[in-house]
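User: I'd like to take a close look at one part of this protein. Could you walk me through it in plain words?

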Amino acid sequence: MPDRPTTPLLDQVSTPADMKRLSDAELTKLAAELRAETVSAVSVTGGHLGAGLGVIELTVALHAVFNAPRDKIIWDVGHQSYPHKILTGRRDRIRTLRQRDGLSGFTKRSESPYDPFGAAHSSTSISAALGFAVARDLGGVTPEGLGDAIAVIGDGALSAGMAYEAMNNAGDLNKRLIIILNDNEMSIAPPVGAMSSYLSRLYTEAPLQELKAAAKGAVSLLPEPFQIGARRAKDMLKGMAIGGTLFEELGISYVGPIDGHDMEQLLAVLRTVKARATGPILIHTLTRKGKGYGPAEKARDRGHATARFDVLTGEQKKAPSNAPSYTSVFGKTLAALAAQDDRICAVTAAMPDGTGLNLFAERFPSRCFDVGIAEQHGVTFSAALAAGGMKPFCAMYSTFLQRGYDQVVHDVAIQRLPVRFAIDRAGLVGADGATHAGSYDIAYLANLPGFVVMAAADEAELMHMVATAAAHDDGPIAFRYPRGEGVGVDLPERGEVLEIGKGRMIQTGKRVAILSFGTRLAEVEKAAEALEAKGIKPSIADARFAKPLDRDLILRLAADHEALVTIEEGAIGGFGSHVAQLLAESGVFDSGFRFRSMVLPDEFIDQASAEDMYAVAGMNAEQIEAKVLEVLGVASIGEKRA
């Protein structure tokens with residue numbers, strides 16, 4: 001455990017109410033101590049560091065000026081909420097961040113009344129804050145009361161359509177609502193798009209902002225007849241200089257930009273807004289991700305997500321890698337295929353590094369598209385690329401693809417367009433917990449007509465599936481793979497094109513067959529070894545495809561065995577349900593054939609290591625072994641289960 005920083009002021013703060021007695025100068029010192037404590041805590045646990053360091057001063061100022069939990073402070077995404085947790089009664093648990101039975105890495109309603117709205121996906125904060133504001137004005141009740149509603153949203157998150165929908169509605173309703181735009185010029189990756197350029201123009205026109213402020217004050221001193229003309233002149237000047245203020249056109253008053261690391265500025269503006277705001281208002285703050293911690297400021301991603309690290313050097317303490325990550329295998333394989341086929345292109349939604357497409361972008365920048373945090377647009381954009389004769393690979397985390405599901409159905413599946421979906425972070429993901437688990441994509445894709453759905457059992461199989469997707473032009477196709485390292489198999493020089501809808505046998509046994517879909521295959525093989533020690537040698541097959549099913553393989557397994565067990569890293573309604581439907585229609589259950597389906601349980605599983613999460617889900621080797629014994633009706637060889 002590294003030495004903890006000296007924090008005499010922070011030691012006096014158990015809740016935000018304790019900050020009310022501090023002077024402005026002491027609040028500045030408190031921010032420095034909070035920054036040191038945040039760095040120290042994340043060095044122990046790992047996690048999202050850079051975003052929190054960028055909002056240290058803003059966090060202190062918000063809690064000093066407003067009265068949480070009565071006032072609802074809503075942090076978009078929640079990456080930046082660690083300092084907020086420290087100030088709101090959770091400092092004693094801050095070194096359990098993202099650990100089993102510890103604090104969530106995001107805001108979570110069940111964790112604290114100071115987290116009024118849970119978040120982990122982006123661009124929801126303005127909608128939520130507006131909902132609280134309307135509930136307040138309609139007489140709604142919460143245990144802590146309902147006061148001001150404050151949304152803190154980053155410039156990257158502002159690229160999502162949902163943020164604009166919320167601002168449009170906020171301007172129309174004209175409720176008292178405070179939006180803090182935390183503009184650090186960087187989300188997980190550098191922000192892209194017209195909004196980023198627009199914000200850049202706003203803060204490069206700083207003299208204009210000063211002129212506007214001066215003009216606004218001067219106009220009020222003129223006689224009424226002259227005020228109208230002066231206001232028109234001011235608006236014309238504003239329009240000529242920066243093309244109009246988008247937020248004001250939406251009916252949201254705009255203040256800024258201001259220095260988000262200047263406590264004096266922050267306190268003055270927040271106090272003024274608190275005292276005078278009547279309708280929706282946006283405060284544009286300029287911050288720096290990773291601020292105040294040298295290694296984070298120098299990092300390419302400003303220390304967005306780190307493993308445990310040494311505070312003095314910033315060196316991360318990562319376990320040695322025994323195999324390449326699935327993400328890197330995908331990225332390298334796709335880049336190799338693109339070198340042979342100039343119609344292959346790639347689309348991601350603000351996650352080029354996270355999806356491995358940074359490797360593709362380096363080699364083929366004109367064929368790689370980061371659309372920002374805009375999964376809906378990304379899916380439809382990919383659909384039109386396919387309609388235009390290209391071979392788009394739409395690479396998104398399973399949990400984020402959920403955001404574009406309507407487009408998957410209407411713009412891809414119904415039109416039978418050959419979009420290739422590369423679904424990263426399939427299954428349980430560890431420290432990010434339930435909000436980022438890839439639990440549902442098998443079920444929500446395999447129920448769509450014409451979709452091909454694959455899951456890689458290992459990194460070599462992933463290479464084959466990337467090649468298969470590239471060669472498939474008859475409708476949409478998806479392949480899923482988990483977070484982290486592969487299992488360490490030898491990799492082929494290139495991937496082979498698989499026959500659509502055909503699985504593979506791993507071993508032939510008797511009595512019971514285990515049909516695996518995805519990377520639980522390694523656990524199945526461990527379970528098989530334990531079963532063989534008990535005199536039971538199961539047959540093992542890798543399904544490869546959830547849709548179309550390998551009907552011949554499944555019906556042959558049913559004919560040759562007493563029982564069949566399927567296993568998948570997905571929720572109820574996925575691969576196992578499709579197998580059960582096939583077996584029921586074939587009539588095998590009429591002869592007493594037994595079937596069990598191992599799926600993720602019908603619950604949200606909190607953060608822990610991936611291994612621990614799968615243990616909770618009942619899907620590790622020992623539990624697979626127990627399931628096989630259960631379906632055979634024996635506890636051990638020769639002993640019937642009671």
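Which backbone oxygen does the side chain of R425 reach?

Analyst: It's the backbone oxygen of G354, which the side chain of R425 reaches at 3.1 Å. A quick word on the ground rules: this is a predicted model, where local features need pLDDT of at least 70, side-chain atom pairs count only at pLDDT 80 or more, and totals for chains, interfaces and linings use all residues. Residues are numbered from 1 along each chain as its sequence is written, and side-chain values use heavy atoms, with hydrogens and water left out.

Now, where does R425 sit? You'll find R425 in the loop between β9 (420–424) and α18 (441–446). Those labels number DSSP runs from the N terminus: helices are H or I runs of at least four residues, strands are E runs of at least two. R425 counts as buried because its relative accessibility is 16%; buried means under 20% relative accessible area, exposed means over 50%, and partly exposed is in between (1.4 Å probe, protein chains only).

The side chain of R425 also makes a polar contact with the side chain of D424, at 3.2 Å. A polar contact is a pair of N or O atoms within 3.5 Å; within protein, one must be able to donate a hydrogen and the other to accept it, and residues adjacent in sequence count only if both atoms are side-chain atoms.

Who else is around? Setting aside neighbours within four places in sequence, R425 is in contact (heavy atoms within 4.5 Å) with T327, G354, Y397, S398, H436, G438, Y481, P482 and R483.

Pick out Y481 from that list, and you land in a ring cluster: ring pairs link Y481 with F330, F393 and F479. Rings of Phe, Tyr and Trp (its six-membered ring) pair if their centres lie within 6.5 Å, and planes under 30 degrees apart count as stacked, over 60 as edge-to-face and the rest as tilted. By this rule the count comes to 15 aromatic pairs. One of them is F517 with F575, stacked at 5.1 Å centre to centre with 20 degrees between the planes. That pair links distant parts of the chain, with F517 in strand β13 (residues 512–517) and F575 in helix α22 (residues 575–586), 58 residues apart. Both F517 and F575 are buried.

Arginines turn up beside rings too: R367 has its charged end over the ring of F364, 4.4 Å from the centre, and R520 lies over the face of Y614, at 3.8 Å from the ring centre. For Lys NZ or Arg CZ, "over" means within 6 Å of the ring centre and within 35 degrees of the ring normal.
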